[in-house]
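Notebook open, structure loading. I'll jot down what I look up as I go.

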Amino acid sequence: MQVPKGLEGVIVASTQLTKIDGQAGRLVYRGYDATELAGKIPYEAVAYLLWFGQLPTNGQLLTLQGQLGNNRKLPQVVDEFLVEPSKVAEPLSLLQTSVSILGGLDSTKTASIVDASIALTARMPTIVASSYRLKHNQNLLEPRPDLGHAANYLYMLTGKVPDPRHARALDSYFTLLADHGLGASTFVARVAASTLTDVYSAVVAAISALKGPLHGGAPIYVWEMLQSIGEPERARAWLNERLAKGDRIMGFGHRVYRTEDPRSRVLKRIAQEIVSPELFNLASTVEREARDLLRKEHPERAIDTNVEFYSSLVLHAVGIPPDLFTCTFASARSVGWTAHIMEQRQDNRLFRPEAEYRGQQDLKLPETQKTETVAQQANALGRSRA
Ligand code: COA
């Protein structure tokens, strides 16, 4: 039997949440084209759609916005936990550990999956903003229930009510990143949920997977690449040098899309509206040159921009520092992770695939080792150390 590396093409669950058409470059949330939802309805309405299966009425949206707003404040113990580690630890680890503490606080596990999902989605941006402010010796801010989810995140980070264009851009980013089928982190969340662990623990597992540069860790590298290239004229030589060394170009390529990632198209349009013309020109030159070089290197597969490439520009433009890019991705994806956890639990069976064993077989224990007990080995070790 041929084992498909990376489970490519293997169907491991059925879902009603998100459909990705990799050939056509389409992303659909519960029947709605995600690129058409972005910017037209607030992220909170997308959360409602993914969690509850339909778009909310005005009243339902207001109720959910109220619940999210009321849950933004962190328990004191999490605020206190963040004080020292914020100075030294990387932001995604702080987010992961804080989510774990939130789960630990709900020791009776009485919160329903829906309540825990709302609380987590409301609190993840607060954790990110608070750890950032503590690191930079700034006071913690009270959340603003009158602001939308994205606007409040920017407010809690910067202390200023954001420019509405920036709040709208980040809201669209949140919508575009809300879910994406069984990406590695969502798969991990579903596997963890299948053991009947709690929502928080499944999300902690998902964050671990998101951290890697092949998944959610890419946008900071995209940003560093753009900084390192600096001028559009240097793009081709810079990219050529990296490819010659066998490096991957961050922000390009996708397991599922064989054409441009539809989220990248929308984020590029948003970036053009809010970043400086110089930066946009640099990024679009890098895109053009990289696409051309990658086509030559891999004529068999289209390697185009993925969601991370223009995300880095949009996040930078709205005022999010690069070391918070992946945390911001995690905050957006909390809706998708928790929607998948709910779906998994509705018709659960423990994930337990098998590995094809290719190791040695039928080895015999050497005679000398047969007689030595563990206690004898420990004694021998103790004598040799003495
Ligand atoms: N730069 C250079 N080469 C790339 C590439 C990239 N960004 N993406 C894929 N390739 C090449 C690989 O080197 C490989 O070449 P080989 O067959 O000669 O070894 C080939 O394309 C297939 O790569 P593989 O890793 O099997 O494809 P995948 O479908 O598993 O890859 C990604 C998906 C996302 C892991 C991959 O495109 C990548 O590493 N991209 C950069 C990281 C990134 O932007 N991640 C964010 C994803 S949203």
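Predicted model: local features only at pLDDT ≥ 70, side-chain atom pairs only at ≥ 80, totals over all residues.

How far is a nitrogen atom of the ligand from a polar backbone atom of Ile-249? I get 2.7 Å for that pair.

Residues are numbered from 1 along each chain as its sequence is written, and side-chain values use heavy atoms, with hydrogens and water left out.

**Ligand**

A backbone N or O atom of Leu-214 sits 3.4 Å from a nitrogen atom of the ligand. For Arg-255, a polar side-chain atom is 3.0 Å from an oxygen atom of the ligand. On its own the ligand has 850 Å² of accessible area, and the protein covers 73% of that (Shrake-Rupley method, 1.4 Å probe). I then listed the 19 residues around the ligand (a heavy atom within 4 Å); Arg-248, Ile-249, Gly-251, Phe-252 and Asn-306 come nearest.

**Helix 15**

Next I went to Glu-287, in helix 15 (residues 277–297); helices here are DSSP runs of H or I, at least four residues, numbered from the N terminus. Glu-287 counts as buried because its relative accessibility is 3% (buried is under 20% relative accessible area, exposed over 50%, partly exposed in between, with a 1.4 Å probe and protein chains only). Its side chain makes polar contacts with the side chains of Lys-268, at 2.9 Å, and Tyr-310, at 2.6 Å. By polar contact I mean a pair of N or O atoms within 3.5 Å; within protein, one must be able to donate a hydrogen and the other to accept it, and residues adjacent in sequence count only if both atoms are side-chain atoms. Setting aside neighbours within four places in sequence, I find Glu-287 in contact (heavy atoms within 4.5 Å) with Phe-252, Glu-260, Lys-268, Thr-305, Phe-309 and Tyr-310.

Asp-292 is in helix 15 too, but at 29% relative accessibility I log Asp-292 as partly exposed. The side chain of Asp-292 makes a polar contact of 3.0 Å with that of Arg-236. Those two residues are 56 apart along the chain, with C-alpha atoms separated by 9.5 Å.

**Helix 3**

Last stop, helix 3: I find Leu-61, Leu-64, Leu-68 and Gly-69 buried. Down the axis of helix 3, the buried residues fall within an arc of 135°, so they line one face (arc taken from the directions from the helix axis to the C-beta atoms). Their cover includes helix 2 (43–52) and helix 7 (113–135). On the other side of helix 3, I note Leu-62 and Asn-70 as exposed.

Conventions:
Helix = DSSP H or I, 4+ residues; strand = E, 2+ residues; numbered from the N terminus.
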